[in-house]
Number of protein chains: 2
Amino acid sequence: MVSWNNLDTLSSYKELADVKPACLTEVMSGDNGAERVKNYSVPMAAGLSYNYASKQVNENVLAALEKLADEAQLADKFKALYNGEVVNTGEKRLVLHHMTRGQLGDAVEADGVDKRTFYKTQQERIAEFANKVHNGEITNAAGEKFTTVVQIGIGGSDLGPRAMYIALENWAKKNNAFKMEAKFISNVDPDDAAAVLASTDVAHSIFVLVSKSGTTLETLTNESFVKDALKKAGLDPSKHMIAVTSETSPLAKSDDYLDAFFMDDYIGGRFSSTSSVGGAVLSLAFGPEVFAEFLDGAAEEDKLSANPDMRKNPEMLDALIGVYERNVLGYPCTAVLPYSQALSRFPAHLQQLDMESNGKSVNRFGEPVTYPTGPVIFGEPGTNGQHSFYQLLHQGTDIVPLQFIGFKNNQLETDVTIQDSTSQQKLCANVAAQIVAFACGKSDENLNKNFKGGRPSSIIIGDKLTPKTLGALLAHFENKIMFQGFVWNINSFDQEGVQLGKVLAKKVLAHDTDGALKVYSDLLNI
Amino acid sequence: MVSWNNLDTLSSYKELADVKPACLTEVMSGDNGAERVKNYSVPMAAGLSYNYASKQVNENVLAALEKLADEAQLADKFKALYNGEVVNTGEKRLVLHHMTRGQLGDAVEADGVDKRTFYKTQQERIAEFANKVHNGEITNAAGEKFTTVVQIGIGGSDLGPRAMYIALENWAKKNNAFKMEAKFISNVDPDDAAAVLASTDVAHSIFVLVSKSGTTLETLTNESFVKDALKKAGLDPSKHMIAVTSETSPLAKSDDYLDAFFMDDYIGGRFSSTSSVGGAVLSLAFGPEVFAEFLDGAAEEDKLSANPDMRKNPEMLDALIGVYERNVLGYPCTAVLPYSQALSRFPAHLQQLDMESNGKSVNRFGEPVTYPTGPVIFGEPGTNGQHSFYQLLHQGTDIVPLQFIGFKNNQLETDVTIQDSTSQQKLCANVAAQIVAFACGKSDENLNKNFKGGRPSSIIIGDKLTPKTLGALLAHFENKIMFQGFVWNINSFDQEGVQLGKVLAKKVLAHDTDGALKVYSDLLNI
């Protein structure tokens, strides 16, 4: 039986605060540095590894973090979660996104069905549908093949699937797995839908409407936008649209769609990339086999997350180092810096995943917490970021912990050699250089050119970004964030903070406003 | 004569620290709130306005900020800058990006020429070139018109021009000003260039190589990538490329390019959108007249920035409120939230503009400062962000000041009415609702559904995003950041923090490494 306690009531947390952090300029220099980089590494799934040599930890800090992991019962809590306990206490829901990619623990029955069977069935139904689209069994009314898939969704129904699509687009093209181009419409700004539609051959497009509740305002609005465009083109919208929704939603059994595929209340939007939400668009774009590999990578990483030994559990370790940085060292932000153009939108997805999950001020029992919880997350791909905001990271007044990601090989395998090195070598040389520059710094008498160092980072290293490594990478961050929520004793699976804005926006549209809200509405001509 | 002093030596700063901030839940509610929204607004150029009613300021705070503006001699320092003083003390350079869009003060001579004439001449040369491309006087070797322009650049040569292109693409299409599609190659990751080239008709493309020094490694590498692709397609690269560079760079007088257009050392990369760096690609994409309107908007805003009266100077006011939030209230981040899909990459540009300018720990004399300087900047367009990281903004443990941007009308003028409102009305209703939700909050006995409020924001409101409003918007943030640099007594115009990484990356590529750097290099297979 697990017990849920605030971080500041744990004796191991008090001990942690008294342990001195590693001094990076010392421990990362010379032969010690070399040894440290070799030792402070833990294998992940799909050949990835998590290297934390350049974090401000040492054996003392790690020992204290292990105690904290034990006292906070992190492994037991994860076990309770995947075995079907109601971990989302706010909404009184199970949390089952791990089950979309494998059976990690006990069978879990809910709504009268075995949930693994339910998710697997949806995956198979999508696979069958996608195969029929690809082989021409399902076509437009003129009997022509669909060539494009357009996802209509927002937040978790957009950021994750979009980031995953961009991550695998070039890989798929190189590996003969590219079936259809995917596009995305998300914003209620009418220029978003209009611009996507203007550049899309709607007659050969299949639209995926994604809304768990079937009531998301932005998504339903954009659906109407799309239906208008289809009708104007003389097409029957119901022959061009599928729905991804919950079985109880108004979209589930509607004649407006070619078919509907299901998720449920136990899959939070931001954790839905491995469910039907990611499944439909990714299976259509790249084929069901590619989506299955992506799931395998995630499932493999989930297994590592279940290891109670923090030193062998990359997600638990990353989570605890993050808590140390946030609560003991007092750093308010974290930057995610993938050295891979394919991961250009991965930071935006992690921004939602992390900030929506752990940006909370009350614990799981609805009581205020008195310590910082989730940090601000931001990032852009390297080397682009180096020519942008790295100035502040190197020489700003605040320290920002960094999460690098790097791959030995690029996806397209096209490259040029300039000045005796390939572009890929230059890319990798830059990420290696940055880690050491941030950690060790460099003294200069001219303080304007001086680098203090002592700026912590970790790196996840892989051979190549493939469906499987992408799945592992995604699960790494999902589970890291989950563990941090456990440590902070918050509910990482609801998002009550988004409600008030929705309520007030409805009032504005109903012209039911006064005071400041009325004046702002007038200023904006509503 | 201006004198440069650290913020913490100013008596007005000490006074500021003693003034109590406005309590937003009080001042923004009821009729007082309505009055406040009407009063706390200052006109900007091109019909924009800066509304700061929802910032934690009141007459006392504003009076203290006015004193600070005077004591820090902000107006005089801006005057010194645009009249040609060597404000970039680190690199001993003038700072003349304002002059790319107008003559704000005295004539400035440097390098033996009048600088306004120099910038204007480049603008005119680009206009002539672009017109010839558009009317078919300049074509590819087969005599066919160019249809696409591809910018090769990184950092300031990429983020600004790219964000501006995306901002105006739909406007141009709607207003018959769309001449050529623009694409961008920036990352040294070979998959970036390869993917762009794979989707580009290179035979009808003109490439713009942008590098002030002519030595930027990423850019030269990507140039080779492009040249290879052109040669493989049987084309002569020199007939498909132009250069934007300084007159002293190796690219300036090379036969490798159709033509070369110039910038100089007095235009920092991140401030170069209004110089030839933005001028070439934007004039080719939308025509020189559109680029000229963009410059007019910026010039008009610059004039407002020169006003010594803080209450009538939107940039000075925004800057000082930001300093109050950063140094007195202690907020480490700022989010930029445009409710306009067209501004999807504007936050990424501001991230560079702000963090590279003001992420500094030493003052302009090379002495350490003991107060926080530039904050972390991040953002995504609304309403997308609402379904992502707004949870933390509403209910997280840290307060993040917000900068909203909203327009009454959309660019494409296509819209649908759903549930009695258009998409544009929904978009605007959401931004109005968010400001009030953040400021006023809403009590709930269930603390999980409780909103404390008291979270500050400002909004820039405009009629529509056009070339002129975009110019004004860009100049607003450029000048705001400049004023903040003046207040913090730092040099906002160099970027020494990016050097160490470059040096170490070169060592890695030369295999001249040991210790941690060698092991990381091995792990990454370099």
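## Cysteines without disulfides

Across all chains of this predicted model, a search of the whole structure finds zero disulfides. A disulfide here is a pair of cysteine sulfur atoms within 2.5 Å. Cys23(A) is partly exposed, with a relative accessible area of 32%. The classes run as follows: buried is under 20% relative accessible area, exposed is over 50%, and partly exposed is in between, with a 1.4 Å probe and protein chains only.

Cys333(B) is in no disulfide either. Its nearest cysteine sulfur belongs to Cys333(A), 3.2 Å away. Cys333(B) is buried, at 3% relative accessible area.

## Ground rules

Residues are numbered from 1 along each chain as its sequence is written, and chains are lettered from A, with ligands numbered from 1, in the order in which they are written.

## Where chain A meets chain B

The contact (heavy atoms within 4.5 Å) takes 131 residues from chain A and 131 residues from chain B. Together the two chains bury about 10,900 Å². Carbon and sulfur atoms carry 65% of it. Buried area is the accessible area (1.4 Å probe) that two parts lose on being put together, summed over both. In chain A, the most area is lost to chain B by His387(A), Tyr520(A) and Leu524(A), together 7% of what that side buries.

Polar contacts also cross between the chains: 48 residue pairs, both at pLDDT 80 or more. A polar contact is a pair of N or O atoms within 3.5 Å; within protein, one must be able to donate a hydrogen and the other to accept it, and residues adjacent in sequence count only if both atoms are side-chain atoms. On the side of chain A that touches chain B, helix α15 (residues 423-440) gives the most, with 15 residues. Helices (H or I, at least four residues) and strands (E, at least two) are DSSP runs, numbered from the N terminus. The residues of that side divide into 58 nonpolar, 53 polar and 20 charged. Ala, Val, Leu, Ile, Met, Phe, Trp, Tyr, Cys and Pro count as nonpolar; Asp, Glu, Lys and Arg as charged; the others, Gly among them, as polar.

## Salt bridges

Side chains of opposite charge can pair when their charged atoms come close. A salt bridge is a side-chain nitrogen of Lys or Arg within 4 Å of a carboxyl oxygen of Asp or Glu. Between chain A and chain B it is six. One joins Glu380(A) to Arg345(B), with the closest N and O atoms 2.9 Å apart. Glu496(A) and Lys449(B) form a salt bridge too, at 3.1 Å. Glu496(A) sits in the loop between α16 (467-488) and α17 (499-509) of chain A, and Lys449(B) in the loop between α15 (423-440) and β15 (457-462) of chain B. Glu496(A) is buried at 11% relative accessibility. Lys449(B) is partly exposed at 36%.

Within chain B, Arg93(B) meets Glu91(B) in a salt bridge of 3.6 Å, N to O. Arg93(B) also meets Asp265(B), at 3.8 Å. Asp265(B) lies in the loop between β9 (259-263) and α10 (276-286), and Arg93(B) in the loop between α5 (74-82) and β3 (109-110), so the pair ties together parts that are 172 residues apart in sequence. In chain A, a network of salt bridges links Glu91(A), Arg93(A) and Asp265(A).

## Two buried residues of chain B

Tyr331(B) lies in the loop between α12 (314-328) and β10 (333-339). Tyr331(B) counts as buried, at 11% relative accessibility. Its side chain makes a polar contact of 2.9 Å with that of Gln56(B). Beyond its neighbours within four places in sequence, Tyr331(B) is in contact with residues including Ile399(B), Pro401(B) and Pro456(B).

Asn479(B) is in helix α16 (residues 467-488). Buried or exposed? Asn479(B) is buried, with a relative accessible area of 0%. A polar contact of 3.0 Å joins its side chain to that of Asp302(B).

Definitions and conventions. This is a predicted model: local features need pLDDT of at least 70, side-chain atom pairs count only at pLDDT 80 or more; totals for chains, interfaces and linings use all residues. Side-chain values use heavy atoms; hydrogens and water are left out.
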